[in-house]
Amino acid sequence: MANHQKDFLFVLIKSLSKSEKRQFKIFASRLETSSNTKFIELFNILDKSEVYDEKIILKSGIIKKVQLSNLKSYLYKQILVSIRLNIPSQNIRYQLREQIDFATILYNKGLYKQSLKILDKTKQLAIENDEKYMAFEIVEFEKLIESQYITRSIQGRADELVIQAKELNYQNTISSKLSNLSLQLYGIMLKTGYVKSDEEYRYIDDYFKKHTQKLDENKFGFREKYWFYNANLWRSFLVQDFLASYKYAYKWVTLFYDNPNMIALNPVFFLKGNHYFLESLYMLKYVTKFKKYLALLEETINDDKFPVNDNIASLAFLYLYNNKLNYHILEGTFSEAEYLIPEVLEKLKLHSEHLDEHHEMVFYYKIACIYFGTEKYVESIYYLEKIINNKNLTMREDLMCFSRLLYLIVHYEMGKDFNLEAQLKSTYKFLIKMNDLNEVQKEIIRFLRNLNSLYPSDIKKEFIKMRERFIELEKNTYEKRAFLYLDIISWLESKIENRKISDIIKEKAKLSNR
C-alpha cells in the first residue's frame, strides 16, 4: 500500500501539499541565479512524474549523470529548508529551538546578557511544556556562559543552575530508562509474541519489576508518567492481562485529557494512547465505555486546535476507523457498519503513502468480518483472499491464521463442502508452520474436519460439544486473545439456536453494558 520507491527525493516531493509546493517555488525564486536554476527544473520534472525514472531526467538535458547525485542532494536540502521556514508558529518545539538559535547568535557576538535573558525565558517555556531535554540543554548553555565569569551575575546564580541541572538530568534519565524499557518490551513481543505459559509470564514479570521497582510514580512529571504508563501497557499486553491493559491505557489517555495543551504538542502519543485504550475496552467487551471514548476521540480529532499534517492525518484515520469497525463488530451491528466500508477504502487510497500493507490487511479482515456478520459471504471471501494471497505478512502471522480460519467457516456457511477438505488441508499446513499455534486454532481445524464425517442428525450435538470446549478454552489466559479475532463461540451458538450471529452478539453486548 505504501510507496515503495527507494528514491528519497522523489518520495519527499510527492509528499508535499499544494501549499508546500507553492511555498517552495516562492522560496526557490529568491535563490534563482543562472547557476542554480537546474535544481528548480529538476523539482518540476519530478513533481510531474508518476514514478521515479532517471532516464526521463537525463533525457531532459538539464544535467549530466555524474552531476545528478549532487543536484538531488542540494534540492532535497532546499525543500527541507523551505518547509522549515514555513512551519506554523504555534509549534512549541520549533519556537524553543528558534530561541536557542537566537541566544547562540547573541552569545557568539559577545552580547552575553541578552543571550542569558532569552535563555531564561525559553527555559521557563520549555519547563511549562514539559520539554525537559531542551530545558536541560538551555541550563547547560547558561552554565557555559556563567562559568566564564563574564556576566557578574547575582550571588547564588551558580547554585541555582547546578540544582536545576541535577533535577532535569534526573527526570530525563527516568524518561530515558522508561522509554528504553517500553521499546525493549515491544521488541520482545515482535520476537517471541505474547506469553504462552506461566514460565514466560514469570520471566516478563521479573524483567519488568527489575527495571521499575525503585521508581516512585508520585515524583513523576508528565513525560515520566507517559513513559511509565507506556511501559506498563506493553508489559500487560505481553502477559495478556487485559484488565491491566485497560488500567494503564486509561491512565495514559486521562493524562492527556487532564493536560489538554499536551495533546497539541504530542498528538501521536495521544492518538496511540486512545487506540490502545479502545483496544483494551474491546478486549474486555466494555461496550458503553468504548462508545463514549470513541466519540470523545473523534470530537478531539475534529477540533480546530488539533494539529494537522500528513502523518497525523494518516494515524487519525487508522485509529479512528479501525475502532469504528471494532465498535460495530463488538455490538453485532454489522449491517449498520456497511456504510463505513466505502469510506475506509477511499481513505486507504488517500493515505496509501503513509500506511503499510499490514494496516491495510487489518482493515480488510475487519471488512470481511462485517460482511460475514451480514451473511454476504461472497464479499467476505473477496477480502479474505486479499489477505491470504498476500506474501508479505510475515510479521502478522496471527492475522493470516485467523483469515484462513474464517475463510473455512465462510465456505462451510456457503455449503461449499466439496472445497472444504482442500481448504482444511491447506490451512492446516499453514498453521503447523506457525511459531505459536494455539489450542483454539487446533480445535477449530479438528472441529471443521469432523463436520464432514457427521450425519446431519449429529451436527447439532457436535456444535453443542464444541461450544462447551471453547468456553473452557476462553477461560485460559493464554488462549482468550484468539477469541478476539474470531468469535467462534457466538457462531456456534447461532448454529445451535438457528439464529443470526448478529443477533447473538447484540444480546451479549447488552449484557456487558459497561
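**Surface patch.** I started with the outside and found a nonpolar patch made of L183, Y186 and L190, with about 290 Å² of accessible area together. I keep in mind that this is a predicted model. I looked up where L183 sits: helix α9, residues 157-192. L183 counts as exposed because its relative accessibility is 59% and the cut-off is over 50%.

Is S182 buried or exposed? I get 4% relative accessibility for S182, so it counts as buried. Which residues does S182 touch, leaving out those up to four places away in sequence? My list for S182 reads W227, N230, A231 and W234. With N230 there is also a polar contact: the two side chains are joined at 2.3 Å.

**Positive phi, entry one.** I placed Q240 in the loop that runs between α11 (222-238) and α12 (242-258). Its relative accessible area is 5%, so I noted Q240 as buried.

**Positive phi, entry two.** E375 went into the notebook too: not a glycine, but with a positive phi of about 65°. Where is E375? I found E375 in the loop between α19 (357-373) and α20 (377-388). For E375 the relative accessible area comes to 40%, so I wrote it down as partly exposed.

Note on methods:
Residues numbered from 1 in each chain as written. Predicted model: local features only at pLDDT ≥ 70, side-chain atom pairs only at ≥ 80, totals over all residues. Heavy atoms only, no water. Helix = DSSP H or I, 4+ residues; strand = E, 2+ residues; numbered from the N terminus. Buried < 20%, exposed > 50% of the residue type's maximum accessible area, 1.4 Å probe, protein only. Patch = residues over 30% accessible without salt bridge, like charges linked within 9 Å, V, L, I, M, F, W, Y side chains within 5 Å. Areas by Shrake-Rupley, 256 points an atom, 1.4 Å probe, with all protein chains shown as cover. Salt bridge = Lys/Arg side-chain N within 4 Å of Asp/Glu carboxyl O. Polar contact = N/O pair within 3.5 Å; in protein donor to acceptor, adjacent residues only side chain to side chain. Contact = heavy atoms within 4.5 Å.
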